[in-house]
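Work through the exercises below with the model open. Each task is followed by a stepwise solution.

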Amino acid sequence: MECIYKDPNAPVEARVKDLLSRMTLLEKIGQMTQIERSVATPSAIKDRFIGSVLSGGGSKPFDNAKSADWADMIDDFQKGALETRLGIPIIYGTDAVHGNNNVYGTTIFPHNIGLGATRDADLVKKIGEVTALEVRASGAHYAFAPCVAVSKDPRWGRCYESYSENTEIVRKMTSLVTGLQGQPPEGHPKGYPFLAGRKNVLASAKHFVGDGGTENGINEGNTITSYDDLERTHMAPYLDCLSQGVCTVMASYSSWNGRKLHTDYFLLTEVLKNKLGFKGFVISDWEALDRLYAPHGSNYRQSILSTVNAGIDMVMVPFRYELFLEEFLSLVETGEISMARIDDAVERILRVKFVAGVFEYPLTDRSLLDVVGCKPHRELSREAVRKSLVLLKNGKDPKRPFLPLDNKAKRILVAGTHADNLGYQCGGWTITWEGTTGRITEAVGEGPYVESGGDDPVLKIPFNGSELVSLVADRIPTLVILVSGRPLVLEPWLLENIDALVVAWLPGTEGRGITDVIFGDYGFEGRLPMTWFRSVDQLPINVGENSSDPLFPFGFGLTY
């Protein structure tokens, strides 16, 4: 073969070198560009040599679009890429953060905080395997997961995306990477990207680094800490991801000691790439370049310059790609961004594409469509729900437990906004970006929220939850099931009035796992992944650091 890069049997590095040598500057900067599906067309991808397309949270071909509809859309985009001079395929990315959660009819798993309560790394790996199958069935190649943030403060709006406040538990749960990408062979070089095959998806360890440690839990805020603590507490899970061959790392919107991560050359290049030996690509977060200056979107040229030179390889633009490419080209022509930096970025992107096999198999494997939302996948999610439940109280008298409930009971009153509301049980990042109410796909607690919209300085049970509990508990024996993405304020009078309290986190589509346990078919196994505070004045309150007098300590959980 005259083109080494087209030879599937040639070594990956030889293919990368060969293809890079054939590329023009426009083809190179196109590869570094990721655009949103709503502005993508096959012709735009072809004319601009776009490297990647994504769906933002909730961005879909049309309402209730199923996996086959997604595959049709993504394959159409791919055909545009294949018609370019060099035929470099795109990779399509999606926020599959608890199952393939953007797509109607898929299996939706508990959010990460619930999985942290299970302490079960093998279960999380299996969830990764199922998620990969359902993502690949939709035509996508790339999941923006796992979030390996170590959440130090429940006021943070993304707390439920973190497995735990405890670094060791988060490290354990990075098994999701192997679930998504497959198991690297013995001796696979650490930091080198890996993908097992067409039933696996590229993973993205995020958000590098310290996103869960911001002051007062403010989203996109500032993590004030020494480098040693950053490394020990927040960077440690990335080492586990790298040792599993994670293909991409996403930078964080947040800052470290006042320096924005997206422009931090020391952390992105000197530490992640040089010291830790990461050979995949570093991707920006959504519109991160627009967020670097106020007002939003201003000083765009400087934003491109500082992020690319800091070590960002692929930019999640996602909309203003024509302006982005124009400014980017100009910065290279003036020498402000060097060709060496461009070549490093493109090498990394091509390496991941060759590892992913998209050159050989660019289009969707339609045989996977049959497994989407199938019974074994839903059973796995139901098992995850069962294992994630944490029992905080069982009976007003310890000698007379209230649970399990009698499954022959003639009447049980089920009250509260979440009792029959699938949207509330799934939370944010489900069908839409911020999540929504009602029957969005095939109890008291929080409504769905994401990112800064979820930042909450008071952490009271919303929807007058405490009042509702009081109303019911004054009249009849009461089990409270709290559907929540984090610990919330539990007033002493509320705890005294009720008979039992179960934290169900955000369980996803298979909430029947809750009834499996409260009626005694299975026992309670979950343990708190975060310290449960008495009042917000105590925050942040974490195990081993400032953990004096919590309401329930880290790791607490009653059993039958």
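**Exercise 1: a pocket lining**

The model is predicted. Find the helices that each supply at least two residues of the lining of the second largest pocket, then describe that lining.

Solution. 
- Step 1. Two helices qualify: helix 7 (167-173) and helix 9 (227-243).
- Step 2. Helix 9 gives the largest share, four residues.
- Step 3. The lining has 22 residues; Lys152, Thr233, His234, Asn542 and Glu545 lie nearest the centre of the pocket.
- Step 4. Sort the lining by class: three nonpolar, 11 polar and eight charged residues.
- Step 5. The volume of this pocket is about 380 Å³.

**Exercise 2: the nonpolar cores**

Which residues have the most contacts inside the largest nonpolar core?

Solution. 
- Step 1. Leu267 and Phe328 have the most contacts in this core of 111 residues.
- Step 2. Helix 13 (residues 339-356) gives the most to the core: nine residues.
- Step 3. Beyond four places in sequence, the contacts of Leu267 include Phe208, Tyr227, Met235 and Trp256.
- Step 4. A separate second core has 37 residues, among them Ile113, Val444, Ala473 and Leu490.

Key: Residues are numbered from 1 along each chain as its sequence is written. This is a predicted model: local features need pLDDT of at least 70, side-chain atom pairs count only at pLDDT 80 or more; totals for chains, interfaces and linings use all residues. Side-chain values use heavy atoms; hydrogens and water are left out. A nonpolar core is a set of buried Ala, Val, Leu, Ile, Met, Phe, Trp, Tyr and Cys residues joined through side-chain atoms within 4.5 Å. Buried means under 20% relative accessible area, exposed over 50%, partly exposed in between (1.4 Å probe, protein chains only). Contact means heavy atoms within 4.5 Å. On a 1 Å grid over the protein atoms alone, a cavity is a set of points where a 1.4 Å probe fits but cannot get out, and a pocket is an open set with protein on both sides within 12 Å along at least five of seven lines; lining residues have an atom within 4 Å of a point. Grid points are joined across faces, edges and corners, and a volume is the space filled by probe spheres set on the points. Ala, Val, Leu, Ile, Met, Phe, Trp, Tyr, Cys and Pro count as nonpolar, Asp, Glu, Lys and Arg as charged, and the others, Gly among them, as polar.
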